[in-house]
Amino acid sequence: MNEKIAIYPGSFDPLTNGHLDILARALKIFDKIIVAVAATELKKPLFSIAERLKMIKTATLNLKNVEAESFSGLLVDYALQKKANALIRGLRAVSDFEYEFQMALMNRHLAKHSKNQNHVETVYLMPDEKYTYLSSTLVKEVVRLGGDAKNFVPKFIELALIKKFKSSHAKIYL
Ligand code: ADP
């Protein structure tokens with residue numbers, strides 16, 4: 001039987017416990033998950049792609065069947081190249097819904113009209129309630145302002161955030 005491969009795309013700037021929760025759920029459905037860091041110019045990330053990939057790889061070291069890599073260009077083309085026919089996204093609240101709905105239908109349209117008529121379904125998973133208010137943006141803000149992020153990201157990522165903000169403060173104030 002064909003291996004069921006799914007792509008979990010996102011910015012992961014940085015990876016949070018919410019992302020890890022979705023990943024654990026997705027692993028119950030799919031044989032292999034590729035966490036795909038989007039190399040987009042649209043958002044100004046705090047961490048470089050290499051840093052984000054390293055964090056994902058470290059945090060998923062004990063999870064079999066998880067890979068991490070970056071991608072650019074159309075997600076549906078990347079999914080086809082990886083022989084994946086599903087995309088994983090997380091739904092935290094109603095506020096996520098509209099954007100996600102548009103994106104899923106656009107990806108379906110693009111896949112259907114691509115040269116290869118690829119078939120890609122987007123699968124939405126809901127995290128544990130305790131992560132529904134969690135986002136990478138909020139974690140960055142909490143750490144930047146000196147708050148405790150231990151319940152939101154793995155310890156080594158919290159330390160990386162603290163280090164990043166220390167060095168950027170140094171740059172601003174020196
Ligand atoms: P993007 O810039 O594509 O939204 P993110 O890294 O912010 O990238 O999110 C990637 C995916 O993970 C999205 O589907 C997002 O909804 C989901 N996600 C992010 N944080 C959480 C969370 N706390 N719980 C569940 N899903 C989440």
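**Figure 1. The second largest pocket and its lining.** This view, like the others, shows a predicted model. F47, E51, K54, M55, T58, F156, A160, K163 and K164 line the second largest pocket. Two elements, α2 and α6 (155-173), each give two or more residues to this lining. The space inside is about 230 Å³. By class, the lining holds 4 nonpolar, 1 polar and 4 charged residues.

Figure 2. The volume of the largest pocket is about 1400 Å³. Its lining takes in 49 residues. Nearest the pocket centre lie G10, S11, K43, R89 and Y99. Several elements give two or more residues to the lining. The strands among them are β1 (5-10), β4 (86-90) and β5 (121-125). The helices are α1 (17-27), α2 (49-59), α4 (94-112) and α5 (136-144). Helix α4 gives the most, with 9 residues. Sorted by class, the lining of the largest pocket has 24 nonpolar, 15 polar and 10 charged residues.

Figure 3. F101 is part of helix α4.

Figure 4. A50 sits in helix α2. With a relative accessible area of 57%, A50 is exposed, since that class begins over 50%. Between A50 and K112 there are 62 residues of separation in sequence. Their C-alpha atoms are 32 Å apart in space.

**Figure 5. The salt bridge between K140 and D13.** The structure has 12 salt bridges, and K140 with D13 forms one of the salt bridges. Their closest N and O atoms are 2.9 Å apart. K140 belongs to helix α5, while D13 belongs to the loop between β1 and α1. The pair therefore ties together parts that are 127 residues apart in sequence. Both partners, K140 and D13, are buried.

**Figure 6. The salt bridge between K32 and E67.** Here K32 pairs with E67, and the closest N and O atoms are 3.4 Å apart. K32 is in strand β2 (residues 32-38) and E67 is in strand β3 (residues 66-71), so the bridge ties together parts that are 35 residues apart in sequence.

**Figure 7. The salt bridge between E69 and K82.** A salt bridge joins the side chains of E69 and K82, at 2.9 Å from N to O. E69 lies in strand β3, and K82 lies in the loop between α3 (75-81) and β4. The pair therefore ties together parts that are 13 residues apart in sequence. E69 is partly exposed, at 24% relative accessibility. K82 is partly exposed too, with a relative accessible area of 24%.

Terms used. Residues numbered from 1 in each chain as written. Predicted model: local features only at pLDDT ≥ 70, side-chain atom pairs only at ≥ 80, totals over all residues. Heavy atoms only, no water. 1 Å grid on protein atoms, 1.4 Å probe; cavity = no way out; pocket = protein on both sides within 12 Å on 5 of 7 lines; lining within 4 Å. Points joined across faces, edges and corners; volume = space filled by probe spheres on them. Helix = DSSP H or I, 4+ residues; strand = E, 2+ residues; numbered from the N terminus. Nonpolar A, V, L, I, M, F, W, Y, C, P; charged D, E, K, R; others polar. Buried < 20%, exposed > 50% of the residue type's maximum accessible area, 1.4 Å probe, protein only. Salt bridge = Lys/Arg side-chain N within 4 Å of Asp/Glu carboxyl O.
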